[in-house]
Amino acid sequence: MDPGAVLDNIIYARASTSEHQYNLLLGLAAKMSEEPFKLLIVHLVIVLFRVDFTGRELAERQVDPQTIKSCKSLFCSLSGLRLMNSELQQKLAQMLSRFIKIAEESNVAGYMTNQVIADPGGGVSSDPMKPAGGHVLACAATVRLMFRKGRRVHHVSKVFDAPNLSEAEAIYFLCQIFL
């Protein structure tokens with residue numbers, strides 16, 4: 001394949017805020033109705049939300065249990081370490097809903113990458129790394145994969161949430177080919 005021709009078929013945009021990311025998706029939806037696309041990727045879907053809403057999050061250990069129970073505008077993320085306000089939850093849900101709608105209407109594969117956060121209180125048997133974004137992000141995905149480094153050059157890919165696949169891991173390695 002000609003590398004130039006391949007690159008000509010890729011549209012790339014870098015968002016600077018979570019609102020900008022949402023607006024880019026809206027603009028892309030219009031473009032996708034005019035031209036055929038096969039794949040839609042949003043890299044690190046949660047990162048801009050975490051930046052934009054940082055001042056509005058509280059560490060769980062800084063809020064007393066009574067406040068947590070009585071505050072209806074907060075929800076617990078999967079990590080159990082952060083509480084996010086309802087505005088963040090709503091904005092993230094809107095963006096994910098738009099992403100899914102665009103992928104379905106345009107008949108393209110949608111792929112999102114995410115960050116993980118440490119969960120030191122998760123227990124001995126549980127994974128110390130949890131997906132950032134909580135239940136809102138987890139529910140938006142049909143298939144969820146976790147990639148991690150293994151021993152030496154090996155890496156591990158784990159299917160941990162898929163409607164038609166059982167939980168499983170595969171070991172692989174990456175190599176760099178010089179032409």
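**Exercise 1.** In which loop does Val 143 lie? Then describe the patch that includes Val 143.

*Solution.* This model is predicted.
Step 1: Val 143 is found in the loop between helix 6 (134-140) and strand 8.
Step 2: Val 143 has a relative accessibility of 41% and therefore counts as partly exposed, since that class runs between the 20% and 50% cut-offs.
Step 3: Together with Leu 39, Ile 41, Tyr 111, Leu 145 and Phe 147, Val 143 makes a nonpolar surface patch of about 540 Å².
Step 4: At least two residues of the nonpolar patch come from strand 1 (39-42), and at least two from strand 8 (144-149).

**Exercise 2.** Work out the order of the strands in the open sheet of 3 strands, and state which strands stand at the edges.

*Solution.*
Step 1: The order is 8-9-10, and the pairing is antiparallel.
Step 2: Strand 8 and strand 10 (168-173) each have a single partner strand, so they stand at the edges, with one side of each left without a neighbour in the sheet.
Step 3: From one strand to the next, the twist averages 25°.
Step 4: Strand 8 and strand 9 (residues 154-161) run antiparallel and are joined by 6 bridges. As one example, Leu 145 has Val 159 in strand 9 as its bridge partner. Leu 145 is also one of the residues of the nonpolar patch.

**Exercise 3.** Find the salt bridge that Arg 144 forms with Asp 161, and classify both residues as buried, partly exposed or exposed.

*Solution.*
Step 1: The side chains of Asp 161 and Arg 144 meet at 3.7 Å, N to O, and the cut-off for a salt bridge is 4 Å.
Step 2: Because Asp 161 lies in strand 9 and Arg 144 in strand 8, the pair ties together parts 17 residues apart in sequence.
Step 3: Arg 144 is buried, at 16% relative accessible area, whereas Asp 161 is partly exposed, at 32%.
Step 4: A search of the whole structure gives 5 salt bridges. Among them is the one between Glu 167 and Lys 158, with the closest N and O atoms 3.3 Å apart. Glu 167 counts as exposed at 55% relative accessibility, while Lys 158 is partly exposed at 22%.

**Exercise 4.** Which residues have the most contacts inside the largest nonpolar core, and which helix gives the most to this core?

*Solution.*
Step 1: The largest nonpolar core has 23 residues, and Leu 40, Phe 49 and Leu 96 have the most contacts inside it.
Step 2: Helix 2 (18-34), strand 1, helix 5 (86-106) and helix 6 each give two or more residues to this core.
Step 3: The most come from helix 5, which gives 7 residues.

How values were computed: Residues numbered from 1 in each chain as written. Predicted model: local features only at pLDDT ≥ 70, side-chain atom pairs only at ≥ 80, totals over all residues. Heavy atoms only, no water. Patch = residues over 30% accessible without salt bridge, like charges linked within 9 Å, V, L, I, M, F, W, Y side chains within 5 Å. Areas by Shrake-Rupley, 256 points an atom, 1.4 Å probe, with all protein chains shown as cover. Helix = DSSP H or I, 4+ residues; strand = E, 2+ residues; numbered from the N terminus. Buried < 20%, exposed > 50% of the residue type's maximum accessible area, 1.4 Å probe, protein only. Pairing = 2+ DSSP bridges. Axes fitted to C-alpha atoms, helices over the stretch in contact; angles between N-to-C directions. Core = buried A, V, L, I, M, F, W, Y, C linked by side-chain atoms within 4.5 Å.
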